[in-house]
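Here are my notes for you to read beside the model. Please keep the sequence and the 3D view open as you go.

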Amino acid sequence: GSGRLGLTGRIAGTSATWRAEGTLEAPALLAHGVPIQDLQAAFSLDQDRVVVSRLRALARGVPVDGAGSWTWDGSGDGTVQVGPVNLAGLPSVPADLTLRGTGQARARVAVRSGTFDASASVRLEDTAVHGVVLGSGSGQFALKGGHLEADLSFPEMGLSATARGRIDSDRPLPVRVVVRDLALAPLLHDIQRVRDLDLDGMLSLEADLLVPPSNPAQLRGKVTVDPLRLRVAAEEWTNAGPIAFHWEPGLLTVDRASVTSRLGSLRISGRADPEGSLNLQFEGRVPLAILPATFKLQ
């Protein structure tokens with residue numbers, strides 16, 4: 001890193017029993033590529049431990065407040081509060097997500113006898129992802145002895161997610177996602193061909209996923225949609241029973257999908273590759289008049 005530090009301190013005692021205290025200030029630092037401004041810290045230490053009673057700074061422009069106490073053998077605990085932060089400015093978020101909103105987080109960590117425990121709470125306001133408004137949400141997680149319990153909820157959106165399991169092994173982490181009464185129009189707004197069809201509706205879904213902690217992209221699981229209400233070219237379609245999908249890396253399998261309307265019914269099954277190839281089977285009875293609308297989706 002680089003920068004200038006200002007240190008004021010006092011130390012007293014003997015070589016066996018001593019105590020020091022002081023303050024640390026830095027107007028601008030660069031540590032591991034992270035810009036830090038307005039660092040202020042108050043600390044004390046002795047032959048047994050170091051105590052940081054106050055730590056304040058701006059890291060990448062984000063307010064950070066912390067405190068902690070650690071013994072020289074590596075045990076201790078600390079707390080840190082981060083935010084509020086503009087989610088759109090987070091460096092690790094892909095730009096194509098167009099994430100917006102503000103967030104705050106508070107975390108506590110503790111190390112005892114070689115074990116690491118942590119807990120945190122997160123509060124999100126006015127959140128939106130790729131134009132889809134999630135609203136305000138909250139999350140909590142606790143990690144103890146390698147076992148994770150995590151919850152995330154956006155009540156206005158009807159979205160909740162939970163994860164329970166160990167993250168210190170090769171076993172996938174079970175994750176459950178529930179969405180209630182999701183409006184489809186905001187999700188489809190940016191697709192021109194869908195706008196031409198006046199496609200709208202709502203759905204509810206439950207997803208049970210297995211996520212490898214070391215490689216989340218290799219997740220797999222089952223998604224069940226029920227109910228589904230879809231409007232295509234001013235015609236209402238609803239599901240005739242739960243619609244089930246299976247996802248594996250690189251492959252989506254439609255186990256069963258059946259929808260009906262006053263015009264007829266349609267059943268779909270098969271497989272779809274996200275890279276573009278399709279192998280789907282359609283069976284049903286529909287009037288030929290709706291085929292032009294279907295071709296617009298090609």
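1. Ground rules. This is a predicted model, in which local features need pLDDT of at least 70 and side-chain atom pairs count only at pLDDT 80 or more, while totals for chains, interfaces and linings use all residues. Residues are numbered from 1 along each chain as its sequence is written, and side-chain values use heavy atoms, with hydrogens and water left out.

2. Salt bridges in total. How many salt bridges does the structure hold? There are 11. The term means a side-chain nitrogen of Lys or Arg within 4 Å of a carboxyl oxygen of Asp or Glu.

3. Arg-112 and Asp-77. These two side chains form a salt bridge, at 3.1 Å from N to O. Arg-112 sits in strand S8 (residues 100-112) and Asp-77 in strand S7 (residues 76-86), so the pair ties together parts that are 35 residues apart in sequence. Strands here are DSSP runs (E, at least two residues), numbered from the N terminus.

4. Exposure of that pair. Arg-112 counts as partly exposed because its relative accessibility is 41%. Asp-77 is partly exposed too, at 26%. The cut-offs are these: buried is under 20% relative accessible area, exposed is over 50%, and partly exposed lies in between (1.4 Å probe, protein chains only).

5. Arg-176 and Asp-208. Another salt bridge joins this pair, with the closest N and O atoms 2.7 Å apart. It links distant parts of the chain: Arg-176 is in strand S13 (residues 173-183), Asp-208 is in strand S14 (residues 200-211), and they are 32 residues apart. Arg-176 is partly exposed at 30%. Asp-208 is partly exposed at 40%.

6. Glu-206 and Arg-180. Their closest N and O atoms are 2.9 Å apart, in a salt bridge. Glu-206 lies in strand S14 and Arg-180 in strand S13, 26 residues apart. Glu-206 is partly exposed at 28%, and Arg-180 is partly exposed at 39%. Salt bridges with shared partners join Arg-176, Arg-180, Glu-206 and Asp-208 into one network.

7. A nonpolar patch. Which residues make the nonpolar surface patch of about 320 Å²? They are Leu-278, Leu-280 and Phe-282. Patch residues have over 30% relative accessible area and no salt bridge; like charges are joined within 9 Å, and nonpolar side chains (Val, Leu, Ile, Met, Phe, Trp, Tyr) within 5 Å. Areas come from the Shrake-Rupley method with a 1.4 Å probe; for residues, only the protein chains shown count as cover. Phe-282 belongs to strand S20 (residues 278-285). Phe-282 counts as exposed because its relative accessibility is 55%.

Key. Helices (H or I, at least four residues) and strands (E, at least two) are DSSP runs, numbered from the N terminus.
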